[in-house]
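Reader: I would like to learn how to read a protein model one feature at a time. Please give the general idea before each case.

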Amino acid sequence: AYEISTRDWSSDVCSSDLFSVTVTARNAAGTGSGVLTVELATRELTVLGHGVATKTYDGTRMATLTGSGFLHGVVGEDAVELTGTGSGQFSDKNVGAGKVVVVGGYGLGGADAGNYTLVSVTDATADINKKKIDGEFTAKDKVYNATTAAEVETRSIKAGELVDPDEVTLEGGTAAFADKNVGTDKTVTLTGATLGGADRSEEHTSELQSRVDISYAVFCLKKK
């Protein structure tokens with residue numbers, strides 16, 4: 001077996017770098033020496049402390065960070081600080097619960113920053129909720145027939161409700177007058193309408209707030 005009797009350090013081992021160690025060893029056959037080159041790697045740090053606010057679907061991946069980020073893994077009293085401004089992005093723009101948010105935008109500063117590497121920022125999760133939108137419709141006048149049934153003439157999503165360039169339409173539903181009686185400017189209500197179009201899916205688009213209940217003024221003519 002060998003016994004190390006001397007060690008010569010060729011550089012300050014408190015810094016991350018390449019340095020050499022001269023080793024002198026001996027055994028029953030005598031003594032010998034050699035140079036061992038060692039690389040002292042930077043210490044890895046992570047950022048903790050951030051949460052992410054839940055948001056309503058807006059067609060972007062942008063996330064709002066909460067809390068204050070701080071470094072985890074600094075040794076002793078080393079002068080290392082977190083620099084930059086943290087920012088977050090959802091993995092995609094789509095509606096969903098517990099979606100992963102990737103946090104970035106940070107760097108390292110301070111006298112001892114060269115001895116460290118910022119390897120990761122702890123990812124957070126948050127929800128993207130559905131966007132609530134309103135629709136509108138028009139109904140046709142009708143001749144009295146002893147029922148409250150009404151006929152829809154047009155359906156649409158109100159202007160300015162959709163996130164550009166999403167494509168969502170208002171479809172279906174049942175329209176009815178408040179009562180069967182003859183009158184002018186009578187209220188018609190549309191219930192049970194749904195969303196159609198390429199971006200209607202719960203996974204990545206808006207939906208109506210509960211059911212669509214939209215009124216439109218019409219008048220009825222008395223049956224002779």
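Reader: How many salt bridges does a search of the whole structure find?

Author: Side chains of opposite charge can pair when their charged atoms come close. A salt bridge here is a side-chain nitrogen of Lys or Arg within 4 Å of a carboxyl oxygen of Asp or Glu. The search of the whole structure finds 4 salt bridges. This is a predicted model, in which local features need pLDDT of at least 70, side-chain atom pairs count only at pLDDT 80 or more, and totals for chains, interfaces and linings use all residues. Residues are numbered from 1 along each chain as its sequence is written, and side-chain values use heavy atoms, with hydrogens and water left out.

Reader: Which side chain does Lys55 meet in a salt bridge, and is Lys55 buried or exposed?

Author: Buried means under 20% relative accessible area, exposed means over 50%, and partly exposed is in between (1.4 Å probe, protein chains only). Lys55 meets Asp58 in a salt bridge at 2.8 Å, N to O. Lys55 counts as buried because its relative accessibility is 13%, and Asp58, at 34%, counts as partly exposed. Another salt bridge joins the side chains of Lys99 and Asp92 (2.7 Å, N to O). Lys99 is buried at 11% relative accessibility, while Asp92 is partly exposed with a relative accessible area of 27%.

Reader: Which parts does the pair of Glu151 and Lys140 tie together?

Author: Strands are named by number, so a definition is needed: helices (H or I, at least four residues) and strands (E, at least two) are DSSP runs, numbered from the N terminus. The side chains of Glu151 and Lys140 form a salt bridge of 3.1 Å, N to O. Glu151 lies in the loop between S16 and S17, and Lys140 in the loop between strand S15 (135–139) and S16, so the pair ties together parts that are 11 residues apart in sequence. Glu151 is partly exposed, with a relative accessible area of 48%, and Lys140 is partly exposed at 34% relative accessibility.

Reader: What is the nearest side chain of opposite charge to Asp166?

Author: For charge, Lys and Arg count as positive and Asp and Glu as negative; His and the chain ends are not counted. Asp166 is buried yet has no salt bridge, and the nearest side chain of opposite charge is Lys93, 4.1 Å away. Asp166 lies in the loop between strand S17 (152–157) and strand S18 (169–171).

Reader: With which side chain does the side chain of Asp166 make a polar contact?

Author: A polar contact is a pair of N or O atoms within 3.5 Å; within protein, one must be able to donate a hydrogen and the other to accept it, and residues adjacent in sequence count only if both atoms are side-chain atoms. The side chain of Asp166 makes such a contact with the side chain of Tyr57, at 2.6 Å. Pro165 is also placed in the loop between S17 and S18. A cis peptide bond joins Asp164 and Pro165, with omega of about 5 degrees.

Reader: Which residues touch the most other members of the largest nonpolar core?

Author: A nonpolar core is a set of buried Ala, Val, Leu, Ile, Met, Phe, Trp, Tyr and Cys residues joined through side-chain atoms within 4.5 Å. The largest one has 18 residues, of which Val52 and Phe90 touch the most other members. Strands S4 (43–48), S11 (96–109), S12 (116–121) and S13 (124–129) are the elements that give two or more residues to this core. S13 supplies the largest share, 3 residues. A second, separate core of 14 residues includes Phe177 and Val188.

Reader: What secondary structure does the protein chain have, and how much of the chain is buried?

Author: The protein chain has 0 helices and 24 strands. Buried residues are 26% of its 224 residues. A contact means heavy atoms within 4.5 Å. Among contacts between residues at least 6 apart in sequence, 59% join residues at least 24 apart.
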